[in-house]
Every structure is written in structure tokens, then in C-alpha cells.
Amino acid sequence: MEILVTNALPDQAFWRGRRVFLTGHTGFKGGWLTLWLRSLGAEVRGYSLPPTTQPNLFEAARIGEACQSILGDIRDLQMLGRAFEDFAPDIVLHLAAQPLVRRSYQDPLETWSTNVMGTAHVLDLVRRTPGVRAALIVTTDKCYENLEQTAPYRETDRLGGRDPYSNSKACAELVTQSYWWSYFSRPGGPAVASARAGNVVGGGDWAPDRLVPDLMQAFAAGRPALLRNPQAVRPWQHVLEPCCGYLLAVEHICRTPAASPPAWNFGPDAQGNVAVGDIAAGLAAAWGDDARYEVRRDPDAVHEATLLTLDPTKARTDLGWRPRWSLATTLGKTADWYRAHRAGDDMRVLCEQQLSDYVCA
């Protein structure tokens, strides 16, 4: 087996001139990935619903200037198909999703229809569109059946999900596997894989009921942030870490035939598997200005897992990927981003600077 150099970076020669169809470009992770693809010389068409928060990364960093932006719903197969066929992509990156656990309890049908049928729509268009070379379906670490075990989850572990969001992402993985075996396992067709990332943080996330946006908004307002479950342990990493992994994964599946549906975990080293309270303390220290937080448990809260970690060994072995930033650097860069946004700085410039810092790390 070929052992790659760790800390690999995307190959600009591979991406230059590529026609990349990216769903979810108005979201947090999709926005950062759009800017990275643009810096590599790719031509990007984004397809997504309008941003769901105000403010948002899409507007703050002028993501629409870095791509051909189409606002639409991946559940609308006719509209999605027109955007797909007209662009004739080489590469498809599917990130569009309903991404929130607590919201999935409030509207489970939206969650399943978006995350399951939306994924099926994308895969079927890949199947029916000549010229597509590869597609990557992005899910989440929460696709695994969470047994609250101390051992980190591997790609071969059982899929599952107690809440509608986690369950929908496990279903999306199963849909991807079925399409792979049914349509993409034969030589000569598109290469398809899935990617499962741990919790991501960084500048530009304002989603409700997420830890970092809640902390940053409270700190900026000079009020204490409220923590629901400070003991919950998650695999924390900067948003650029899995984005790097996604690009490397696409390069890999284009070059290396697979005998079964490929999937990779993207998660931090052991030092990044920490409790919510530790993240809050680290961000408070990075923010300064008497930033503070307090615990306020919700007796009516919906179920959320207490322990979840990932084993990213396969991504290191296959792709040469590993985290480039420590947890301290990640939290510092995150606080810097929100502080700059509050000051009215040019966030497109700052995003590009942080991307350059990451590549040079």
C-alpha cells in the first residue's frame, strides 16, 4: 500500500479549470469551500436555499462573487436538474442539508426529505449526466449508531441515529451506498464516495442552537453565554480541516478505483476531543473582554448524545490528510474572525487570509 505524506493539500493542477457543482454554497461549510475552490482555479456553480440567518457568511464574505450562484431547493428535482444539466459539471460536491439536531425534532419531515431525498436527487443526476467524473456526498459523524462508547467510531461501524437529523444522515449514507453498488461500481462511470466530519467551528457560522455562534453572540453583546450540556464531548476542528479532506477525497477517487463504497472520517487528533465546557472556556479566553458563560440546563431538552468521537486513521492512510491546526489555534482564529466582523472589516479578505494561513501551516 502506498503511504502518503501526511498534511497533504489539494493539488491545484487537478482543480484548475474543473467545473464543480456545489450544493449548499450559501451555508457555513459550503461558503468556505467555495472560496477554496476559487483559489485553486476551479469554476464553481453553487446551488442552495438562500441563507437562513442574518448575518451570514454568504453575504459577509461575498461568496456569490466567487461562483455562479443559483438559489433553489434540492428537493425540487426539476429545477436542480436544469441547473445541473446546463452547467455540465466535472465534479459534484453535495453539502446541502438540514444540519441541526434540535430543528430536526421540530420538523422531521423537512429533515428527512432534504437530507435523504435531496441526496437521492443529486446521485440520480450524477447517474444520468454524461461527463461527471466524481461526486462526494458529505454527511456527518452523527451518522453512526451512537452507543456512547469511549472508542472512536470507524467507517466500518454500524450506521444509525436516534434523532431525526442523525437518522436522516445515516439514511443518506445508505442511499449513497446503494447508488454506488447499483450504478457506480463498474469501471468507466463516475467515482462516488461519502465524507463524515466531526463538529466544525470557525468564522461565519450563525446557525441557531450551535455552541460557537451562541458563544460569539453572547460575548459580543457583553452577556453571559448559556451552556445546556457542558460535559458533552465532541470532535472539534476548524471548518477548513474537513474542507481540505473533501478535496483530497475527490482527487483520490478520481485516481484510485474502489472495491466497495468509499467513505472517510475527518476528525481531530485526540486533543481536539473535548467537552463543550472546554470549548467555551477556550473561546472566552481568546475573546477576552470579560467574556463569560454559565450553565443553564433545560429539563425539557431533546435527547443529544453525551459522547461522540471519530477515528480518522483511514483518511490519514488513504489521503495523507490530518489536521493542520491545533485546537488552540482553531479557537483563536475563530474568535479573530468574529471580532473582525464586529469591527466592520472586509470579511472576504479575512477569509482568504485565514485560508492562506491554513495552507502555509
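What covers the buried residues of H8? The cover includes S7, strand S8 (225-227), S9, H10 and helix H12 (327-342), where helices (H or I, at least four residues) and strands (E, at least two) are DSSP runs, numbered from the N terminus. This is a predicted model, in which local features need pLDDT of at least 70 and side-chain atom pairs count only at pLDDT 80 or more, while totals for chains, interfaces and linings use all residues. Residues are numbered from 1 along each chain as its sequence is written, and side-chain values use heavy atoms, with hydrogens and water left out.

**Helix H8**

- In helix H8 (residues 211-221), the buried residues include Leu-211, Val-212, Pro-213, Leu-215, Met-216, Ala-218 and Phe-219, buried meaning under 20% relative accessible area, exposed over 50%, and partly exposed in between (1.4 Å probe, protein chains only).
- Just after H8 comes Gly-222, which takes a positive phi of about 75°.

- Three strands form an open sheet with the order S7-S9-S11 and mixed pairing, and two strands are taken to pair if DSSP finds at least two bridges between them.
- At the edges of this sheet are strand S7 (199-201) and strand S11 (273-275), each of which pairs on one side only.
- On average, and with direction ignored, neighbouring strands of this sheet are turned by 50° against each other.
- The pairing of S7 with strand S9 (residues 233-238) is parallel and runs over three bridges, and Asn-199 has Trp-236 in S9 as its bridge partner.
- Helix H9 (residues 240-255) lies across S7 and S9 and runs at about 75° to S9; axes are lines fitted to C-alpha atoms, for helices over the stretch in contact, and angles run from 0 to 180 degrees between N-to-C directions.
- Helix H10 (residues 276-287) also packs on the sheet, where it touches S9 and S11, and its direction makes about 85° with that of S11.

**Nonpolar cores**

- The largest nonpolar core has 78 residues, and Leu-93 and Trp-337 touch the most other members; such a core is a set of buried Ala, Val, Leu, Ile, Met, Phe, Trp, Tyr and Cys residues joined through side-chain atoms within 4.5 Å.
- H9 gives the most to this core, with ten residues.
- Apart from this core lies another, of 23 residues, which has Leu-80, Ala-96, Ile-137 and Val-192 among its members.
- In soluble globular proteins, nonpolar side chains tend to be buried together.
- Leaving aside neighbours within four places in sequence, Leu-93 is in contact (heavy atoms within 4.5 Å) with residues including Val-20, Phe-21, Leu-33, Leu-136, Leu-247 and Val-250.

**Gly-245 in helix H9**

- Gly-245 has its place in helix H9 and counts as buried because its relative accessibility is 0%.
- From C-alpha to C-alpha, Gly-245 and Ala-195 are 8.4 Å apart in space, although 50 residues separate them in sequence.
- Beyond its neighbours within four places in sequence, Gly-245 is in contact with Phe-266, Leu-319 and Trp-321.

**Cysteines**

- A search of the whole structure finds zero disulfides, a disulfide being a pair of cysteine sulfur atoms within 2.5 Å.
- Cys-244 is in no disulfide, and the nearest cysteine sulfur, that of Cys-243, is 8.9 Å away; Cys-244 counts as buried because its relative accessibility is 1%.
- For Cys-351, which is in no disulfide, the nearest cysteine sulfur is that of Cys-243, 11 Å away, and Cys-351 is buried, with a relative accessible area of 1%.

**Thr-114 in helix H6**

- Thr-114 is placed in helix H6 (residues 108-128) and counts as buried at 9% relative accessibility.
- A polar atom of the Thr-114 side chain lies 2.8 Å from the backbone oxygen of Glu-110.
- Not counting residues up to four places away in sequence, Thr-114 touches Ile-74, Arg-75, Ala-97, Gln-98 and Thr-119.

**Backbone features in loops**

- The peptide bond from Gln-54 to Pro-55 is cis, with omega near 10°, and Pro-55 lies in the loop between strand S2 (43-48) and helix H3 (57-60).
- Asp-289, found in the loop between H10 and strand S12 (293-295), has a positive phi of about 55° although it is not a glycine, and Asp-289 is exposed, with a relative accessible area of 62%.
- Asp-290 has its place in the loop between H10 and S12, takes a positive phi of about 60° although it is not a glycine, and is exposed at a relative accessible area of 69%.

Methods. Polar contact = N/O pair within 3.5 Å; in protein donor to acceptor, adjacent residues only side chain to side chain.
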